[in-house]
Structure formats: structure tokens, C-alpha cells
Amino acid sequence: NMERLHAVNSDVDFTFLRMAFEGDLLEGLNYVQDLFHEETHHMLHRAHLENELLFILYLLTVTCLWYGVLFRGVSNSADKELNRARDFVTRIPLQVMTAREM
């Protein structure tokens, strides 16, 4: 391998090509690296936005369910109290009247 390297380095044409296009190779590698970083940043940014959207939907769902359960519980409790109050009011004349008045 050292013989090949020495042979390649001693070749005038290869040395010219290497010196002439060495900057292009680095520019190409930098371009590929920049493109990779841009794509990675774009994918991570999109994943972050989707994660935030899912979290917001989760919070809205939990909030709506909690409100629904709480509202329904309070509504049912108020309905039971209303029925108890109606029953009490309908029984008042029977409780106020004496046995002779009935």
C-alpha cells in the first residue's frame, strides 16, 4: 500500500488532478453535510410540531372529558335534588292536614 501511495504521489498527472480538484471535493462534502443537517433539522422540527399537536389534542380531550363527567355528575345530582324537593312539596299538604281533614 505504501508503494501504491508513493506511486500515486509521484505521478505528475494525478498530482495535478488532486491539486486542481481538491477544493471541489471538500465543497461537495460540505454541501452534502449541509444538506444532511438541513434535512435532519427539518425532520426534527416537523416531529416536534406533530408532538405538540398530539399533546394539545390530548389536553383538549382530557379537558372535554373531565368537563363532561363533572357537568354530567353535577347535572344528575341537581336532578336528584330537584326530584326530592318536588316530592317533599307534594307531601306538605298531607303532613300539614290532620287526620280529620283528610
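The model is predicted, so local features need pLDDT of at least 70 and side-chain atom pairs count only at pLDDT 80 or more, while totals for chains, interfaces and linings use all residues. Residues are numbered from 1 along each chain as its sequence is written, and side-chain values use heavy atoms, with hydrogens and water left out.

**Overall form**

- The protein chain has 2 helices and 0 strands, where helices (H or I, at least four residues) and strands (E, at least two) are DSSP runs numbered from the N terminus.
- The radius of gyration of the protein chain, taken over C-alpha atoms, is 42 Å, well over the 13 Å that the globule rule gives for 102 residues, so the chain is more spread out than a compact globule; the rule itself is 2.2 Å times the number of residues to the power 0.38.
- Along the principal axes, the C-alpha atoms of the protein chain fill a box of roughly 135 × 25 × 10 Å.

**Exposure**

- Of the 102 residues of the protein chain, 1% count as buried, a label that means under 20% relative accessible area, with exposed meaning over 50% and partly exposed lying in between (1.4 Å probe, protein chains only).
- The protein chain exposes about 10,100 Å², of which carbon and sulfur atoms supply 66%; accessible areas come from the Shrake-Rupley method with a 1.4 Å probe, and for residues only the protein chains shown count as cover.

**Salt bridges**

- Side chains of opposite charge can pair when their charged atoms come close.
- A search of the whole structure finds 2 salt bridges, each defined as a side-chain nitrogen of Lys or Arg within 4 Å of a carboxyl oxygen of Asp or Glu.
- In one of them, Glu-50 pairs with Arg-46, with the closest N and O atoms 3.3 Å apart; the two residues are 4 residues apart in helix H2 (residues 12-96), separated by about one helical turn.
- Glu-50 is partly exposed at 41% relative accessible area, whereas Arg-46 counts as exposed at 52%.
- Glu-81 and Arg-84 also form a salt bridge (3.1 Å, N to O), and these residues, 3 residues apart in helix H2, are likewise separated by about one helical turn.
- Glu-81 counts as partly exposed at 44% relative accessibility, while Arg-84 counts as exposed at 58%.

**Nonpolar patch**

- Leu-53, Leu-54, Ile-56, Leu-57 and Leu-60 form a nonpolar patch on the surface, with about 490 Å² of accessible area together.
- Patches are made of residues with over 30% relative accessible area and no salt bridge, with like charges joined within 9 Å and nonpolar side chains (Val, Leu, Ile, Met, Phe, Trp, Tyr) within 5 Å.
- Leu-53 is found in helix H2 and counts as partly exposed, at 49% relative accessibility.
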